[in-house]
Amino acid sequence: MSESLISARGLTKKYGDFTAVNAIDFDVAKGESFGLLGPNGAGKSTTMRIIAATSQRTAGTISILGRDPEEHGPQIRAHLGVVPQQDNLDGELTVTENLFIYGRYFGLSKKFIRAKIEELLEFAQLEEKRNVKVDALSGGMKRRLTIARALVSEPDILMLDEPTTGLDPQARHILWDRLFRLKETGVTLVLTTHFMDEAEQLCDRLVVMDNGKIMAEGSPLELIKVYSTKEVLEVRFGSERNKEVAPILRGMCDRIEELPDRILMYVEDGEALLEEIIAKKLHPTTSLVRRSSLEDVFLRLTGRSLIE
Amino acid sequence: MSTAVEIADARANKFGHQLYAGRARAIVERSLLALRSSTWVPIATGFVEPVLYLLAFGYGMGELIGNVDFGGKTIDYTVFIAPGLLATSAMNGAIYDSTWNVFFKLNESKLYQGMLATPLGPLDVALGEITWALLRGLSYAMAFMAITAPLGLVPGVAAILAIPAAVFIAFGFASFGMAITSYFKTYQQMGMINIVLLPMFLFSGSLYPISVYPDWLEFLIKLMPSWHGIELVRDIWFSAFDNGTLIHVSYFCVMIVTGLYFTTRRLRNLFMR
Ligand SMILES: Nc1ncnc2c1ncn2[C@@H]1O[C@H](COP(=O)(O)OP(=O)(O)OP(=O)(O)O)[C@@H](O)[C@H]1O
Ligand SMILES: [Mg+2]
């Protein structure tokens with residue numbers, strides 16, 4: 001691994017008696033794309049805010065670009081582009097004014113920002129909305145503007161807290177492509193997401209968090225290899241019969257997960273297992289064999305699905 | 001051209017660099033942009049209100065009252081209330097910007113949260129917002145002066161100093177108002193501000209000398225910032241300086257400093273803890 005840009009040891013954040021982030025360790029290398037995955041309340045946003053130098057840790061250490069955010073908050077923030085979970089655009093201003101004034105908060109010259117705005121409007125596909133007040137934009141447009149705004153200062157690290165929540169599938173794919181290109185120019189990405197396809201697409205490495213702790217760490221492929229089987233057989237018997245057949249199925253493979261609507265069976269060869277089940281005359285109403293995904297890793301580690 | 005990083009690094013060793021990036025003007029720029037598309041009604045009200053009072057009380061009641069004793073001199077009632085109304089309009093303008101406007105930005109639009117995710121510090125935000133309130137106070141004071149001078153209500157050229165004085169007291173009110181607002185969470189609490197302000201302004205002697213009150217009430221009013229503001233502008237208006245003038249000035253210095261201190265501290269605790 002090359003030099004680490006962000007490095008946390010025993011990082012802890014408490015709100016009163018409640019521990020939101022519980023002694024976590026992680027490193028993010030320069031140019032890497034690093035993901036935080038976890039169910040609601042896992043502590044992802046809290047961790048993001050500590051990295052962004054807008055929240056102070058309770059214990060542990062963290063260094064960002066070799067600096068401590070408690071000592072050098074403004075200097076660290078100058079390197080960052082922040083996309084918060086909830087948009088906080090300036091509703092009284094237009095699209096271009098939002099980009100302009102945000103650049104001014106960084107102290108950038110008007111000339112520089114004006115040139116940058118054209119590039120960012122193109123990036124966010126908001127050229128036609130340039131003089132529209134932000135309050136009149138759709139949710140997805142606001143999201144795109146928030147992301148564009150984070151780039152006005154040409155950050156070295158882009159912090160994205162659930163960047164594509166609220167975007168339509170097409171906009172998501174375009175954004176992934178843009179983020180990928182940013183990464184190629186050397187920008188380090190730190191992101192959280194509830195979408196496993198997004199994590200698989202964008203993250204070189206990720207950590208799975210639950211209850212403020214890191215449960216696992218690795219590349220998407222490594223995690224699948226370690227925490228899941230090659231294939232998954234999904235079978236449905238209808239919500240009544242699921243309970244009935246589950247004990248029988250349990251004996252047929254190493255691990256099964258009972259979800260409200262279906263049963264997941266973890267095996268190396270899904271088709272073979274399905275034949276066995278049919279031979280026992282259990283007759284599922286529907287069945288599907290697929291490759292393991294991060295969703296399965298997640299279920300294994302947290303007992304919960306990514307999107308609750 | 002310097003990059004965001006160079007700009008921030010240049011301040012890294014300055015005292016208080018965590019709180020202040022030296023860029024309060026960026027916040028003022030933001031207010032200017034927002035002004036272009038905002039409604040003019042509340043702003044216009046601020047201009048018109050003191051003039052209406054002047055007409056109603058000065059030329060209406062003034063006919064009944066005639067003259068007033070002030071600082072050993074006998075002066076026309078309308079002339080007497082003019083500086084009081086100037087002070088009141090400056091204070092009201094500053095309060096409007098630093099309370100309701102700030103409350104909205106803090107709680108509804110999450111605007112400060114966005115600002116503080118940049119290298120800006122809480123003191124930039126506080127100073128920027130307060131400066132904006134002052135500019136409003138300044139424009140009210142100048143407009144009022146422009147209306148009262150032709151009417152012969154301004155006793156001399158020195159009275160022009162009432163304009164900076166109005167801005168100074170607006171500073172006190174804006175800074176204190178923003179501090180209080182930053183601690184408020186609900187609309188009910190904000191409503192309390194209005195309940196306190198109305199009697200405070202009515203009884204603070206803009207329309208008559210407070211010597212008409214019983215001692216205990218006079219004492220109480222003398223603790224109020226509005227009274228100090230009105231008296232300060234009045235002293236300057238009539239060039240009637242005494243020890244009291246110094247006390248008024250000190251009162252506002254304390255208000256400005258405490259207000260800034262608590263606003264900065266609160267913003268930091270809200271968005272950077
Ligand atoms: N300002 C705060 N005061 C008190 N508790 C907080 C605060 N912010 C977060 N928490 C608590 O800390 C825990 C972690 O919150 P956090 O926002 O980091 O979760 P998350 O992983 O981002 O969840 P989500 O997927 O829902 O965004 C939650 O239980 C939350 O209630
Ligand atoms: Mg979150």
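Predicted model: local features only at pLDDT ≥ 70, side-chain atom pairs only at ≥ 80, totals over all residues.

Colleague: Which element gives the largest share of the shell around ligand 1?

Modeller: The shell around ligand 1 holds 15 residues, and Gly41(A), Lys44(A), Ser45(A), Thr46(A) and Gln85(A) are the closest. Four residues of the shell make up the largest share, and the element that provides them is H1(A).

Colleague: How do the residues of that shell divide into nonpolar, polar and charged?

Modeller: A residue belongs to the shell if one of its heavy atoms lies within 4 Å of the ligand. Sorted by type, the shell residues are five nonpolar, seven polar and three charged.

Colleague: What percentage of the area that ligand 1 exposes when taken alone does the protein bury?

Modeller: Side chains of chain A make polar contacts with oxygen atoms of ligand 1: an N or O atom of Asn40(A) is 2.9 Å from one, and a polar atom of His194(A) lies 3.0 Å from one. For the side chain of Lys44(A), the distance from an N or O atom to a ligand oxygen is 2.7 Å. Taken alone, ligand 1 exposes 630 Å², and the share of this that the protein buries is 64%.

Colleague: Why does the salt bridge between Arg57(A) and Asp68(A) tie together separate parts of the chain, and how many residues apart are they in sequence?

Modeller: The two side chains meet at 3.1 Å, N to O. Arg57(A) lies in the loop between H1 and strand S4 (59-64) of chain A, whereas Asp68(A) lies in the loop between S4 and helix H2 (69-77), so the pair links parts whose separation in sequence is eleven residues.

Colleague: Which helix gives the largest share of the nonpolar patch?

Modeller: The patch is on the surface and consists of Phe47(B), Val48(B), Leu52(B), Leu55(B), Tyr59(B), Ile147(B) and Leu151(B), which together have about 590 Å² of accessible area. Val48(B), for one, lies in helix H3 of chain B. Five residues form the largest share, and they come from the helix spanning residues 41-65 of chain B, H3.

Colleague: Which residue in the turn between S1(B) and S2(B) has a positive phi?

Modeller: Strands S1 (residues 67-70) and S2 (residues 73-76) of chain B run antiparallel and are joined by four bridges. Within this pair, Thr74(B) in S2(B) has Asp69(B) opposite. The strands form a hairpin with two residues between them, and the turn residue with a positive phi, about 55°, is Gly71(B).

Note on methods:
Residues numbered from 1 in each chain as written. Chains lettered and ligands numbered in written order. Heavy atoms only, no water. Pairing = 2+ DSSP bridges. Polar contact = N/O pair within 3.5 Å; in protein donor to acceptor, adjacent residues only side chain to side chain. Areas by Shrake-Rupley, 256 points an atom, 1.4 Å probe, with all protein chains shown as cover. Nonpolar A, V, L, I, M, F, W, Y, C, P; charged D, E, K, R; others polar. Patch = residues over 30% accessible without salt bridge, like charges linked within 9 Å, V, L, I, M, F, W, Y side chains within 5 Å. Salt bridge = Lys/Arg side-chain N within 4 Å of Asp/Glu carboxyl O.
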